[in-house]
Protein chains: 2
Amino acid sequence: MGFPMSLRLMQAGFDVRGVDRDERTRKRFTEAGGGAALTMAEAARDAQALLLLVVNAAQAEDVLFGTDGAARMMPPGGVVLLSLTASPQSAAGIGARLAEHDLRMVDAPVSGGVKRAADGTLTILASGPSADVDAARRFLAPLGNVHEIGPLHGQASTVKLINQLLCGVHLVAAAEAVALAERAGVDLRVLHRVVTASSGTSHMFASRAPMMRGDDRPPTAAINILLKDLALVDALGTSVGAHMPLARTALELFGEASSQGAGARNDYEIIQYLRLSVP
Amino acid sequence: MGFPMSLRLMQAGFDVRGVDRDERTRKRFTEAGGGAALTMAEAARDAQALLLLVVNAAQAEDVLFGTDGAARMMPPGGVVLLSLTASPQSAAGIGARLAEHDLRMVDAPVSGGVKRAADGTLTILASGPSADVDAARRFLAPLGNVHEIGPLHGQASTVKLINQLLCGVHLVAAAEAVALAERAGVDLRVLHRVVTASSGTSHMFASRAPMMRGDDRPPTAAINILLKDLALVDALGTSVGAHMPLARTALELFGEASSQGAGARNDYEIIQYLRLSVP
């Protein structure tokens with residue numbers, strides 16, 4: 001995701017430095033006109049803004065505050081765009097630590113895959129002090145549509161988690177539907193055509209059901225990503241006393257898949273755990 | 001649904017007789033240029049086609065084969081368009097009984113609400129002998145897009161049930177999302193705007209979440225309808241050995257709501273059973 005987003009920012013006229021562990025990615029990025037850096041400290045030096053696309057809060061804290069961390073290298077008033085799916089508490093905590101470095105932060109999780117990143121049509125959530133969100137707009141605008149959620153760090157993360165609740169449940173629902181169709185002898189192409197024109201459709205069904213039936217297999221997110229997200233959803237629900245029987249059931253299924261060694265596989269392969277296990 | 005569909009058929013030039021228990025509906029239908037009948041026998045006399053929009057297989061069998069039933073009144077070769085959500089076995093059984101009366105049948109469940117019915121943009125599933133589906137096309141074409149599913153009665157019903165699995169699960173998922181958002185202090189309008197632009201969206205979330213937050217409350221389907229559909233899904237899954245943990249969980253929630261007296265309420269009010277019950 002970071003690669004196409006960086007290209008969009010360069011096209012918008014920004015001077016972009018990118019950090020990636022993979023040497024080939026750094027080479028591709030340099031060839032595309034970007035500046036490649038080996039460490040966050042190197043990339044963050046004198047940067048007005050830092051767009052952070054990492055998997056979880058621990059990674060974010062490491063690259064910001066660890067050895068060679070970015071926070072000490074950015075000029076005062078610089079803005080960190082925190083794009084990850086984390087707990088609201090983690091996002092708020094990172095914002096508070098950045099403030100100690102005289103840095104601003106926007107809690108800015110995104111939705112949309114690589115294609116929408118390349119097209120600059122991501123859905124971008126943004127929460128934080130409105131002056132900071134305003135300061136971030138010129139960096140976010142080339143990437144997609146910015147939805148301002150509220151003045152507090154964590155508010156955008158909360159909305160993102162609710163979106164992930166729906167993603168996780170819808171993905172398992174799609175897998176249940178496809179696995180049932182297989183056993184009932186339904187043509188999966190017909191099923192996809194009918195459901196996407198009917199009241200049973202969802203983004204996840206529309207995008208993942210074709211992959212479940214075996215054709216088109218671009219990499220999607222990994223099972224472990226949705227497992228992590230659903231665990232965060234579960235913790236959020238527990239903290240506010242919400243009752244979420246479907247999200248809990250989906251979490252258990254992803255946990256089962258991961259514990260059986262499938263965590264790194266594409267998320268739609270969760271269907272294997274419905275195909276195999278008969279009640 | 002039957003009313004706007006009948007209007008579409010009249011606009012297409014067909015002579016339509018409608019049956020409804022409600023006298024006001026019959027009066028409205030006569031004023032719109034239709035013929036109103038009190039009994040199915042009266043409506044079916046000499047009819048080339050019979051479009052049957054009833055709730056379940058028992059109702060369909062009653063109006064077709066019961067006292068004043070339609071089957072004995074239709075001319076040989078007449079075609080019955082069976083639009084209901086039933087088990088594949090029920091649809092096949094009704095088809096076989098109609099064949100004994102020299103009548104043809106298309107298993108023809110539909111998806112889409114009153115508005116799409118009025119616009120003639122329903123999604124119509126159709127299965128049965130292809131000559132019969134072809135004979136039915138001129139009656140179905142004014143109503144929406146016909147998806148031919150296969151040559152056997154029951155095949156369209158199977159696909160419809162899989163769609164209902166998704167509807168039921170997505171509705172409960174939407175309720176979980178909205179109930180979580182309420183407890184977490186998320187603005188529900190913002191949630192709807194973000195989710196419908198993100199990977200977590202579904203038809204059910206997009207259409208029902210606004211009703212759950214209290215505004216726009218046109219009548220939708222009743223909780224008992226989805227309960228009946230999910231029970232049929234459960235039976236289908238059991239019969240083919242499918243594992244459907246989410247569908248089972250949704251079925252239990254609808255069953256709980258119905259047993260507490262909420263069966264006749266709008267389906268989106270299922271959220272009350274997530275708001276009330278804290279684990």
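Salt bridges come first: over all chains, the structure holds 22 of them. A salt bridge here is a side-chain nitrogen of Lys or Arg within 4 Å of a carboxyl oxygen of Asp or Glu. This is a predicted model, where local features need pLDDT of at least 70, side-chain atom pairs count only at pLDDT 80 or more, and totals for chains, interfaces and linings use all residues. Residues are numbered from 1 along each chain as its sequence is written, chains are lettered from A and ligands numbered from 1 in the order in which they are written, and side-chain values use heavy atoms, with hydrogens and water left out.

| Salt bridge | Closest N and O atoms |
|---|---|
| Asp267(A) with Arg208(A) | 2.9 Å |
| Asp234(A) with Arg248(A) | 2.8 Å |
| Lys115(B) with Asp119(B) | 2.7 Å |

Asp267(A) sits in the loop between α12 (245–262) and α13 (272–276), while Arg208(A) belongs to helix α10 (residues 203–212), so this pair links parts of chain A that are distant, 59 residues apart. (Helices, H or I, at least four residues, and strands, E, at least two, are DSSP runs numbered from the N terminus.) Both Asp267(A) and Arg208(A) are buried, meaning under 20% relative accessible area, with exposed over 50% and partly exposed in between (1.4 Å probe, protein chains only).

Next, Asp234(A) in helix α11 (residues 223–240) and Arg248(A) in helix α12 tie together parts 14 residues apart in sequence. Asp234(A) counts as buried because its relative accessibility is 16%, whereas Arg248(A) is partly exposed at 38%.

Over in chain B, Lys115(B) and Asp119(B) share helix α6 (residues 114–119), four residues apart, about one turn of the helix. Lys115(B) is exposed at 61%, and Asp119(B) is partly exposed at 38%. Back in chain A, salt bridges with shared partners join Asp134(A), Arg137(A) and Glu148(A) into one network.
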